[in-house]
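Here is a short report on a protein model. Please look over the sequence and the coordinates before reading on.

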Amino acid sequence: MMKYSWKSKVYTLVSCIFFIGLWQLIGIMINNDIYIPKIQQVTEAINIIFKDKNFVKVILSSLYRTMLSYTLASVFSMILGVLGVVYPFFKYLMQPINSVGKTIPTMVLVVLSLVWFDKDKTPFVVGVVIIFPILYEGIRNSLIQIDKKIIDMTRIYEVKLKDKIKKIYLPVMRFYFMSIFVSTFSLTFKVVVAGEVLGQPKFGIGSQIQLEKVNFNTSGIFAWIVIIVVISFVLEIINKLLKEKTYRWAK
């Protein structure tokens, strides 16, 4: 197992080196930084971004909107997911809302949000609406898969709904969130950034990307892409630590 793990890491590293080398080669061949900037140009752009006095504020603003969107969507999905399982009425009530939320294009939602809300609230609203249907369906499906014998036992012993939620539903939802945290949080992050690109709040990664686009600074756009990838990598590490803490018996 350890040997396989090391092999996997080596192959991943080789793949990264290959694609970075390919990127540099294409950049040299095209020799036009508006289309494909060279690696050193992107590195210089990253250095400039890091030295900007508002860099930390920009990153934290986007992460704050993402966390707020994800938290609110999570809370609503847990509440409505439990209600949908306990009371079938809520299941049918949420079906049309869920369908609309899953099918509406992100850009259309961004435009509508800009009409209904100000530019600072738009990324937050878009993040909630896009991620909620995914979390709601996942939670509801997880709760439905609980062993029916356990549910029947709670009915026989007349277990209160409050205790049922605390002892049965919450642990199931916690494990579900641990298994999909990186993918769903990263999706929320991307959607929020997309909302920032069009909404252009004062501080935000999306606003900076739009600014680089207006200035035809492709190196700056690539630099922000690299920063977003690094943030996603950090999120994966955090998720791994959370999983290890949650599934202690797996060690």
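## Overall fold

This is a predicted model. The protein has 10 helices and zero strands. Its pattern along the sequence is α-α-α-α-α-α-α-α-α-α. The C-alpha trace spans about 75 × 55 × 30 Å along the principal axes of the protein.

Of the 251 residues in the protein, 37% are buried. Among contacts with a separation of 6 or more, 75% join residues 24 or more positions apart.

## Nonpolar cores

In soluble globular proteins, nonpolar side chains tend to be buried together. Here the largest nonpolar core has 41 residues. Y70, Y169, I205 and W224 have the most contacts inside this core. Six helices are named as suppliers of at least two residues each: helix 2 (39-51), helix 3, helix 6, helix 8, helix 9 (205-214) and helix 10 (218-246). Helix 8 gives the largest share, 11 residues.

Y169 shows what such a position touches. Beyond its neighbours within four places in sequence, Y169 is in contact with V82, V85, V86, L143, I146, I151 and K164. There is also a second, separate core of six residues. Its members include I104, V110, I130 and V191.

## Helix 3 against helix 6

How do helix 3 and helix 6 cross, and at roughly what angle? Their axes come within 7 Å and cross at roughly 35°. Helix 6 covers residues 122-144. The crossing of helix 3 past helix 6 is right-handed.

The contact between helix 3 and helix 6 has 19 nonpolar residues. Six polar and two charged residues complete the class list for this contact.

R65 pairs with E196, and the closest N and O atoms are 2.7 Å apart. What does this pair tie together? R65 lies in helix 3 (residues 55-86) and E196 in helix 8 (residues 161-199), so the bridge ties together parts that are 131 residues apart in sequence.

Are the two partners buried or exposed? Both R65 and E196 are buried.

Helix 9 is mostly covered, with seven of its 10 residues buried. The buried residues are I205, G206, S207, Q208, I209, Q210 and E212. One of them, I205, is also among the residues with the most contacts inside the largest nonpolar core.

S207 lies in helix 9. S207 counts as buried because its relative accessibility is 9%, below the 20% cut-off. The C-alpha atoms of S207 and V58 are separated by 8.8 Å. Along the chain, S207 and V58 are 149 residues apart.

Q210 is also placed in helix 9. Its relative accessible area is 17%, so Q210 is buried. Leaving aside neighbours within four places in sequence, Q210 is in contact with V197 and Q200.

## Loops on either side of helix 9

Most residues other than glycine have a negative phi. Two loop residues here carry positive values. Q200 is not a glycine, yet has a positive phi of about 50°. Q200 sits in the loop between helix 8 and helix 9. With a relative accessible area of 39%, Q200 is partly exposed, because that value falls between the limits of 20% and 50%.

F216 has a positive phi of about 55° although it is not a glycine. Its place is in the loop between helix 9 and helix 10. Is F216 buried or exposed? F216 has a relative accessible area of 62%, so it is exposed.

Conventions
Residues are numbered from 1 along each chain as its sequence is written. This is a predicted model: local features need pLDDT of at least 70, side-chain atom pairs count only at pLDDT 80 or more; totals for chains, interfaces and linings use all residues. Side-chain values use heavy atoms; hydrogens and water are left out. A salt bridge is a side-chain nitrogen of Lys or Arg within 4 Å of a carboxyl oxygen of Asp or Glu. Helices (H or I, at least four residues) and strands (E, at least two) are DSSP runs, numbered from the N terminus. Buried means under 20% relative accessible area, exposed over 50%, partly exposed in between (1.4 Å probe, protein chains only). Axes are lines fitted to C-alpha atoms, for helices over the stretch in contact, and angles run from 0 to 180 degrees between N-to-C directions. A crossing is left-handed if the near helix is turned anticlockwise from the far one by less than a right angle, and right-handed if clockwise. Ala, Val, Leu, Ile, Met, Phe, Trp, Tyr, Cys and Pro count as nonpolar, Asp, Glu, Lys and Arg as charged, and the others, Gly among them, as polar. A nonpolar core is a set of buried Ala, Val, Leu, Ile, Met, Phe, Trp, Tyr and Cys residues joined through side-chain atoms within 4.5 Å. Contact means heavy atoms within 4.5 Å.
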